[in-house]
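The following paragraphs lead the reader through a single structure, from the whole chain to selected residues. The sequence and the model are shown first.

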Amino acid sequence: MLHPIYAKVDKNMTLRFSNTIGLLFFAGFLLSSPATAAPLCAKCNIVLIAIDALQARHIHHLGYKTETTPHLDLLAKRSFIFTQAISPSSWTVPTYLSLFTSMYPSAHGLTNRYEIYTKNDRRLYDFTKHNPEIQTLAQILRDHGYSTAGFTGDAGVSSNLGYGKGFDIFFDSMPFGGFDLTTKNALDWIDLQKTKPFFAFVHGYDTHSQFELPDNYQGKFFSSKEMAAHFVNKKKQMDLRDQNLKSGLKSKSHEISSEQKKIWNAWYDSKIFDADARIGKFVQALAARVPGKNTVIVIVSDHGTEFFEHGTVDHGHSLYDELLHVPFMIALPDKKAETRIMKQVGTIDLMPTILEVVGHNPSATLKKQIQGQSLVPSMLGKPFAGEDVFSETDYRNHTHKRSLRTADGWKYILTLETGKEELYYLSQDPDERTNLATENATQLPKLRRQLLKHISSMPARGAQNSKDCLPAYPGPGECE
């Protein structure tokens, strides 16, 4: 039985939030940092490189022993690196809109790919039709004189979901497309930009489970023979994911040997290594095309991917750190050395940060929309204690989870449909193994109240009632 405090969640897992709360947000999530006296890079070009499904723990310059990311490591040497960047969700569909709008998924409404998903009716959720007042990063930059273009791998970042809003052109012609395709198209477009500053969103699914690989794929860290012997491929990963969903998210980690886990991680590391090489080639080509003093490069991922850390694979189904802790760094022109910002931030801060970097102050209307904050003060070395970060997932309406990761190292996860509570002290338990929910009578009620207050501040938006991409229907892989 659910605790009475979860009365907002009925037996059908429908989130019912009070209409009187509307669009009121925590004051702490409004953009509060004053504009700097001079922008860090006024009217500079912006290239946002988004690597889908890249877990921070697999990145070499963030502490991973395997040298998976030599080109990103090189770029990091002249970047602001946010070592503790936390995503607002654990899968693609809702997350990029949170990055582009600085709104939590429950606020912008794109919580699932479909608003209706039945055998006879499949209707995509287009946020621009449901919530046309929402402003995107591309839209704001275009209004300030930028040329804007997006080059994506489609699927969860499709124009059919509204992701094309604010872009002069938006390329999404290949589902689960990679950087070989998107970077080429991006460079062709950049070659045409002669008079105005530009914003290019360049996205690739190269590290995602559904990225197409050759049948005889030979990875940097494993052989094709090993892959075949252990049945490591995109179909197997999707099957394991859907088996987990069908079982009610009850993992069967005991059925996976340690050797198989090792091969799965080597497969993932090899894909990361390949993606890193493509990004390195793109950054090199970009440097040859645009003046070095007027281009900002941002690297980010939407979420990570689980490889049996908590018993299964893929993403979206949980809010553990292997899915939420992601890379996030900003390379400014003429920056000669890396600056590591070790305090916790949210990638929901990306939009207000970029706007302040290039010198655009949010309007009063936009300030009401923004739920993140600019990180420019921390980049300038001003005192920064970090921030509490909320995350959520309504993944294909199989589960509805919310989490709070505090700046002082606590993690609280609430599963709305069951009332299950999880509490971890990440400073001592970074792998989230020991649930302290029944042991800590001090932190649990405090964090519960804070999370529920945040939940109550979210407007009633999104396709909460849809049966999104149930494995019983054909083609579950098309969902994300």
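This is a predicted model: local features need pLDDT of at least 70, side-chain atom pairs count only at pLDDT 80 or more; totals for chains, interfaces and linings use all residues.

A residue is called buried when its relative accessible area is under 20%, exposed when that area is over 50%, and partly exposed in between. By this definition Ser102, at 0% relative accessibility, counts as buried.

The chain as a whole may be considered next. The protein chain contains 14 helices and 17 strands. It has 480 residues, and 61% of them count as buried. Its accessible surface amounts to about 19100 Å², and carbon and sulfur atoms supply 53% of that area. Among the contacts in the protein chain with a separation of 6 or more, 74% are between residues 24 or more positions apart.

Helix α2 comprises residues 92-101. Of its 10 residues, 10 are buried, so α2 is largely enclosed by the rest of the structure. The buried residues of α2 include Val93, Tyr96, Leu97, Leu99 and Phe100, as well as Thr92 and Ser98.

A polar atom of the Thr95 side chain lies 2.5 Å from the backbone oxygen of Trp91. When neighbours within four places in sequence are left aside, Thr95 is in contact with Ser87, Pro88, Ser89, Ser90, Tyr163 and Asp302.

Just after α2 comes Ser102, with a positive phi of about 55°. Ser102 takes this positive value although it is not a glycine. It lies in the loop between α2 and α3, the latter spanning residues 105-108. Asp154 is another residue other than glycine with a positive phi, in this case near 60°. Asp154 is placed in the loop between β5 (147-151) and β6 (169-171). Its relative accessibility is 12%, and Asp154 therefore counts as buried.

Is Glu338 buried, exposed or partly exposed? With a relative accessible area of 35%, Glu338 is partly exposed, because this value falls between the limits of 20% and 50%. Glu338 is located in the loop between β12 (328-331) and β13 (339-346). Its side chain makes a polar contact, at 2.7 Å, with the side chain of Arg340. Glu338 and Lys77 are 261 residues apart along the chain, yet their C-alpha atoms are separated by 4.5 Å. Not counting residues up to four places away in sequence, Glu338 touches Ala76, Lys77, Arg78, Ser79 and Ile81.

The account ends with the space left open between the atoms. Rolling a probe the size of a water molecule over the atoms shows where empty space is left. The largest pocket has a volume of about 360 Å³. It is lined by 20 residues, of which Leu249, His317, Tyr320, Lys401 and Lys420 are the closest to its centre. What kinds of residues make up the lining of the largest pocket? The lining consists of three nonpolar, 11 polar and six charged residues.

Conventions
Residues are numbered from 1 along each chain as its sequence is written. Side-chain values use heavy atoms; hydrogens and water are left out. On a 1 Å grid over the protein atoms alone, a cavity is a set of points where a 1.4 Å probe fits but cannot get out, and a pocket is an open set with protein on both sides within 12 Å along at least five of seven lines; lining residues have an atom within 4 Å of a point. Grid points are joined across faces, edges and corners, and a volume is the space filled by probe spheres set on the points. Ala, Val, Leu, Ile, Met, Phe, Trp, Tyr, Cys and Pro count as nonpolar, Asp, Glu, Lys and Arg as charged, and the others, Gly among them, as polar. Helices (H or I, at least four residues) and strands (E, at least two) are DSSP runs, numbered from the N terminus. Buried means under 20% relative accessible area, exposed over 50%, partly exposed in between (1.4 Å probe, protein chains only). Contact means heavy atoms within 4.5 Å. Accessible areas come from the Shrake-Rupley method with a 1.4 Å probe; for residues, only the protein chains shown count as cover. A polar contact is a pair of N or O atoms within 3.5 Å; within protein, one must be able to donate a hydrogen and the other to accept it, and residues adjacent in sequence count only if both atoms are side-chain atoms.
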